[in-house]
Amino acid sequence: MVRSKKNQMHPRNVLRSPPDYTKLAIKYKDFRNVCSLELTGKVTVNFRQERTLRELTKVLLKEYFQLDVDFAPGSLVPTLALRLNYILWLEDLLGARKVNSKVRGIDIGCGSSCIYSLLAAKKNKWEMLALESKPQNIEYARENVKRNQLDGLIQVYAQPDKTDIFKTYFDTAIDEQDYCFCLCNPPFFDSNSANPMGGASRNPERRPAPNNARTGSAEELSCAGGEVQFVQCIIEESEIYKERISIFTSMLGVKANVPKILVILKERGIEHVATTEFHQGHTTRWAIAWSYQQFA
Ligand SMILES: C[S@@+](CC[C@H](N)C(=O)[O-])C[C@H]1O[C@@H](n2cnc3c(N)ncnc32)[C@H](O)[C@@H]1O
């Protein structure tokens with residue numbers, strides 16, 4: 001099992017030391033416009049406002065990774081600390097493989113930001129295949145890739161069928177490459193439930209309400225059966241494509257879903273499994289990896 005230290009960001013996460021918002025506000029006008037200035041001269045950020053979160057993510061991507069990113073109106077605004085924790089965990093999982101050969105990865109549901117693929121390409125020069133089903137997100141993701149001159153490393157594929165993961169791509173594309181890993185931040189909510197977006201991801205008695213505003217559309221954040229069903233689809237397709245992809249991974253929004261996925265993997269006789277936790281202040285996420293061969 002690969003685990004991060006309790007309640008801490010990954011040791012290589014650049015956001016482990018909180019950013020200096022005052023410095024950022026002085027440097028970036030658009031960010032300054034959504035900040036508040038206290039009488040002491042200190043700049044504060046209201047994480048409960050969507051437009052503030054948008055500008056903050058944009059500014060952090062620019063400051064730390066020289067990435068110029070835009071998000072489709074109403075779409076999910078990704079938080080950088082979490083995405084970085086995931087990429088850093090993948091680096092750890094890939095271990096020696098990363099150093100010795102070209103790394104290719106698949107980003108399942110890249111969103112309008114295409115954030116995981118942009119970070120992977122910019123930071124590590126990994127080649128990324130980004131799959132996305134929502135037309136507006138595909139358009140923005142492609143624009144983000146182009147604006148950052150990362151077209152040589154990232155391909156955004158328009159997923160025609162939302163119930164598919166890799167199938168349509170591998171069946172139709174002229175691509176004989178093998179991939180080291182796939183990553184995914186799956187649609188979380190169950191679109192079949194009575195109140196799909198009303199579901200809570202945390203136990204309010206044990207953990208306080210999140211500091212951040214919720215962003216993203218129902219189409220991006222929900223699917224039939226929620227995240228367990230989505231990851232189950234990845235597991236089912238992983239059996240077909242185990243020769244093409246070495247390590248399959250997914251993030252999970254609810255701790256209680258981790259044992260459910262472990263049971264599914266066990267029932268299918270998949271032995272090489274790792275889990276981890278991603279800590280970002282008040283927010284914790286979980287991730288699971290499986291492979292048909294030994295890790296690293
Ligand atoms: C929770 S969002 C994650 C977006 C981005 N990866 C992030 O972490 O910020 C899930 C994304 O997956 C897309 N999606 C849903 N089902 C898909 C499928 N079968 N294939 C590709 N993309 C899918 C949605 O449109 C949405 O953009």
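**Exercise 1. Explain why Phe31 is classed as it is, buried or exposed.**

*Solution.* Phe31 counts as buried because 23 C-beta neighbours lie inside 10 Å. The rule is as follows: a residue is buried if 20 or more other C-beta atoms lie within 10 Å of its own, exposed if 12 or fewer, and partly exposed in between, with C-beta atoms placed from the backbone. The structure is a predicted model, in which local features need pLDDT of at least 70 and side-chain atom pairs count only at pLDDT 80 or more, while totals for chains, interfaces and linings use all residues. Residues are numbered from 1 along each chain as its sequence is written.

Phe31 belongs to helix α2 (residues 29-32). Helices (H or I, at least four residues) and strands (E, at least two) are DSSP runs, numbered from the N terminus.

Then list the partners. Apart from neighbours within four places in sequence, Phe31 is in contact with Leu24, Ala25, Glu55, Leu56 and Val59. Two residues are in contact if their C-beta atoms, placed from the backbone, lie within 7 Å. Between Phe31 and Val59 there are 28 positions in sequence, and the C-alpha to C-alpha distance is 6.9 Å.

**Exercise 2. Describe the chain as a whole: what are its helix and strand counts, and why does its radius of gyration agree with that of a compact globule?**

*Solution.* Begin with the elements: the chain holds 11 helices and 11 strands. Its C-alpha trace spans about 60 × 45 × 35 Å along the principal axes. A compact globule of 296 residues would have a radius of gyration near 19 Å, and the chain has 19 Å, so the values agree. This radius is taken over C-alpha atoms, and the globule rule is 2.2 Å times the number of residues to the power 0.38.

Burial comes next: 42% of the 296 residues count as buried. Finally, of the contacts with a separation of 6 or more, 70% are between residues 24 or more positions apart.

**Exercise 3. Trace the strand pairings of β3 (104-108) and state which residues stand opposite Gly105.**

*Solution.* First, β3 and β4 (127-132) run parallel, joined by five bridges. Two strands pair if DSSP finds at least two bridges between them. Met128 in β4 is the bridge partner of Gly105.

Second, β3 also runs parallel to β6, with four bridges. Here Gly105 stands opposite Phe181. Strand β6 (residues 179-184) is mostly covered, with six of its six residues buried, and β3 has four of its five residues buried.

Third, β6 pairs with strand β9 (residues 245-252) in the parallel sense over three bridges. In that pairing Phe181 has Ile247 as its partner.

Strands β10 (residues 272-280) and β11 (residues 283-291) are joined by nine bridges, and Ala274 stands opposite Ala289.

**Exercise 4. Identify the residues of the largest nonpolar core that touch the most other members.**

*Solution.* Start from the definition: a nonpolar core is a set of buried Ala, Val, Leu, Ile, Met, Phe, Trp, Tyr and Cys residues joined through C-beta atoms within 7 Å. The largest core has 77 residues, and those touching the most other members are Tyr86, Ala130, Val156, Phe181 and Cys182. Helix α4 (residues 80-94) gives the largest share, 11 residues.

Take Ala130 as the example. Beyond four places in sequence, its contacts include Asp107, Cys114, Ile154 and Val156.
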